[in-house]
Structures are given as C-alpha cells and as structure tokens.
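Please look over the structure shown below before reading this briefing.

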Amino acid sequence: MIYDPTDPAIIADPYPQLLALQAEEPAHFSPKLKAWVLTRYDDVKRALGAPEMSVDRIQPFYRALPQETQSKVAEIVKYLSLWLVFRDPPEHTRLRRLMAKAFTMKAVVDLRPGVEELVDGLMEDAAGDSDYIATFAMRLPGLVIMDLLGVPREKMDEVKGWSDEMQLFIGSAQNTPNKYERASAGAKAMAGLFRELIEDRRKAPTSDLISAFIAAREADDQMSEEELIAACMLVLFGGHETTTNLLSTGLMKFLNDPAARERLAADPALAASATEECLRLDGPSGSMARLVAEDHDLHGKTLKAGDRVFAMINAANQDPSAFDRPGEFDMTRERNKHLTFGYGPHFCIGAALARLEGEVALQKLCARFPDMSVTGPLVWHETMIMRGLRSMPVSLR
Ligand code: HEM
C-alpha cells in the first residue's frame, strides 16, 4: 500500500486508506512523504508524548538548508525556534510553565459572554447564502484570539495577511515564488506589531494576555522580549486556523444530519459532548509531525533516530480498539478520549478556548438556522496536518 496524501481523492476522504493502513500496516513507511505513518490509537498516543520522539524539527530543517536559503528564512526561524510546540524538554518545560501562568482557565471562562455576543453578530452576517468559511468560521476564532491577546480588532486583515505569508513556510506551499522571503517578511511585520503592543503594555498593563505574559514569573524567571513576541505569535497561530477547521468540519456533521441538528438546537446541554464528537470524528487535526530521537522497533519495523514520523490523529480517533462504533457520529458519546488536542507534555494549551468556541457556535448555529444546506462544491485544505475546508458555500435559513 502506498499512502499519498496529495491525491485529491484522498484529500476529500482520507479514511478508507488510513483505516486500511491501521488494520494491515500500522507502521507504514511512505516513500512519497519519506516518513513513517502511524495510524493506531496506542501508537499515535505514544508518539505524541514519548521521549523517543522529538518535536524539534525546525532546527534540523534549517541546518540542512543551503546558506543562501538560510539567510532568507532567518527572521521566521528565529521566532519559530522559540515556539514551545517545537521545543523538547527542558526548554519546553520552562516555556510551558511560564505560558500556563498567564493562560488560565479563568481567562477562558471570562471570555464566554464575549464569544456569545460575537457568535450572535456573525450569524446575522452569515445568514442567507454565503461562504461560511469567510463569513463565520474564519472570523470568530480570529476575533476571539485577537481580543484575548489584546490586538485591536481593526488589525484583523493585516494580521491575517501576515499569517498567510508565514504559512508559506510553516505549511506545505510547494511552488509559490519567493515563499521564504515572503514568510520571513510576514514574521518580521507580525513581530513588529507585537513588539509595539508589548512596549505599550509594559507601561500600562491591561487585563489582556499580552500583559499576563509579561507579568508571568516562575521563581526568578520570566520570558525574554523575543520569547514574549514568539509566544504571542504562537497563540495567534495556534488559536486561529485550528478552530476555524473545528467550526467547518463540525458544522458539516449537522448540515448532513437534520435530526442531529434538531436535537442540538433543542438541548443546549448537549453542546459539550457534541463538540467533543465533532473534534473526534473527522475533526480538525489530521496529523502531528515528529522526529525519531532514539532508535526503536514498532510492529516489526525499526524507526531510526532522525526519521520523520506522522502520527495520524484522525485515524487514531477512529481506531476500533479505542472507540465503540468508531465511524458513527454519536453526540452523546461518553469518555471520548480523542487525541485531537494531542497528548502528553504538548497537550494543547488552548483546548478550553477551542471547546468554548465550538460549543457556543455549533449550538447557536443549529438553533438559529433550522434550515441549512450545502449549496456548492466543498474545497478541502490540501494538507494532511490540518483537516478543514477552505471554501464551504452554504444556505443558512
Ligand atoms: C480546535 C482547535 C484546536 C486544535 C485541534 C488544536 C490542536 C493542538 C494539538 C494537536 C497540539 C499538540 C501539538 C503537538 O503535540 O505537537 C496543540 C498544541 C498547542 N495549541 Fe492547540 N489546538 C486548537 C486550538 C488552540 C487554541 C484556541 C490555542 C490558543 C489560544 C492553541 C494553542 C496551542 C499551543 C500554544 C500549543 C503548544 C503547546 C505545547 O507545545 O506545549 N490551540 N494544539
């Protein structure tokens, strides 16, 4: 079997192939990806959290580039190297502790009324015929994360533009001209904005996350200026497209199932378990990348230090050894131990916020629009890392 995630049929529906791999070849080496593809629940869970795997893939990639390319990407690599999602212990442990001091559960709970108000307003913009991604799914997480950080809302389009440029490096843009220069310029511009905001908040702290990051202390330690900028960029990135994808793949379940829609509309108490099921079944996480840190054997194969690995979260979330009726959408499912937010030391720091947005938005959309349907072709993101729609024409009535 050859796993080719660039095949349009596999992008539209990756599951038949992923589940066949899970059954027949759980540690598969894909020549196309030059990487191992793991699809079983226990293997994916272990790969996400175990010390024989490393998350530090930025530095090895950078070191392997020719010198002239290195200088083109230096500006973006400087910040990505400070993202805790790409750091192993002990640097990860230190940064995570500092960030967690600021990113508290209370900060998220306090956001609920603001999220509800935003959802109500955006639903009115999206009512009728529109591309739901542009009118709703992209905008809600963008506005929420900017409010949380303390970035003025009018900066939305500018910030989105810089993020898109940075994606040219972080994502898998194959043939875009000048992609490295553009990604670095995007990083520089975004860093400039956060540098200014940090300076303002040092003089006059507010209740936003930037101020909380500045104030975060662990013993005598605190984040440096560059670490603060990197943390703000990571939160902006981590919290935006992932949640957009939850709102798109999540709404698909209800667009296709009027009975589920009616049930969620009538019973807001189901919002939490319905959102967990949207996260699990064809949810927003496709896979997470790792590098093998120590040689080890898996299902009769040897994974060697330096090999690349893709832990296929969406496949693990449908492993029959971990879930009853794994292919069925059951919004009352209990003990839903999906791996969509990762597992272990890198478990998503924004999970509570993503859950809040999913719960409020999906329940309100079902209640406000009893009559909703897909009206045009669905365009999926062409990446195996994230699962979500780029375009989703709908009628919401
Ligand atoms: C549905 C939405 C989301 C999904 C599916 C998601 C998924 C994930 C996953 C799978 C990881 C683990 C990465 C790894 O193991 O390599 C992660 C980490 C992270 N997420 Fe999320 N995330 C979401 C929303 C958010 C939000 C809203 C924020 C911020 C407000 C956020 C911030 C982060 C950060 C900072 C990390 C790095 C944690 C670490 O390395 O210790 N995420 N996320």
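Of the 27 residues around the ligand, which come nearest? They are His92, Arg96, Arg290, His346 and Cys348, where a residue counts as near a molecule or strand if one of its heavy atoms lies within 4 Å of it. This is a predicted model, in which local features need pLDDT of at least 70 and side-chain atom pairs count only at pLDDT 80 or more, whereas totals for chains, interfaces and linings use all residues. Residues are numbered from 1 along each chain as its sequence is written, and side-chain values use heavy atoms, with hydrogens and water left out.

**Ligand and iron**

- The only protein donor of the iron atom of the ligand is Cys348, through SG at 2.3 Å; donors are N, O and S atoms within 2.8 Å of the metal (3.2 Å for Na, K and Ca), and since water is not among the atoms, sites may look incomplete.
- Cys348 is found in the loop between helix H17 (313–316) and H18, helices (H or I, at least four residues) and strands (E, at least two) being DSSP runs numbered from the N terminus.
- A polar side-chain atom of Arg96 lies 2.7 Å from an oxygen atom of the ligand, and for His346 a polar side-chain atom is likewise placed 2.7 Å from a ligand oxygen atom; a polar contact is a pair of N or O atoms within 3.5 Å, and within protein one must be able to donate a hydrogen and the other to accept it, while residues adjacent in sequence count only if both atoms are side-chain atoms.
- Gly238 has a polar backbone atom 3.3 Å from a nitrogen atom of the ligand.
- Two or more residues of the shell around the ligand are given by each of helix H6 (91–102), H14, strand S5 (287–292) and helix H18 (351–368), and the largest share, 7 residues, comes from H14.
- The shell residues divide into 15 nonpolar, 10 polar and 2 charged, with Ala, Val, Leu, Ile, Met, Phe, Trp, Tyr, Cys and Pro counted as nonpolar, Asp, Glu, Lys and Arg as charged, and the others, Gly among them, as polar.

**Sheet of 3 strands**

- An open sheet of 3 strands has the order S4-S12-S9 with antiparallel pairing; two strands pair if DSSP finds at least two bridges between them.
- Strand S4 (128–131) and strand S9 (372–374) each have a single partner strand, so one side of each is left without a neighbour in the sheet.
- S9 pairs with strand S12 (residues 393–396) over 3 bridges, and Met372 stands opposite Leu396 in S12.
- Helix H14 (residues 225–255) lies across S9 and S12 and runs at about 110° to S9; axes are lines fitted to C-alpha atoms, for helices over the stretch in contact (heavy atoms within 4.5 Å), and angles run from 0 to 180 degrees between N-to-C directions.

**Sheet of 5 strands**

- The order of this open sheet is S1-S2-S8-S5-S3, and its pairing is mixed.
- S3 and S5 pair in the antiparallel sense over 2 bridges, with Leu291 in S5 as the bridge partner of Ser54.
- S1 and S2 run antiparallel, joined by 4 bridges, and form a hairpin with 4 residues between them.

**Backbone details**

- Lys34, in the loop between S1 and S2, has a phi near 50°, a positive value in a residue other than glycine.
- The peptide bond from Pro89 to Pro90 is cis, with omega near 5°, and Pro90 lies in the loop between helix H5 (67–80) and H6.
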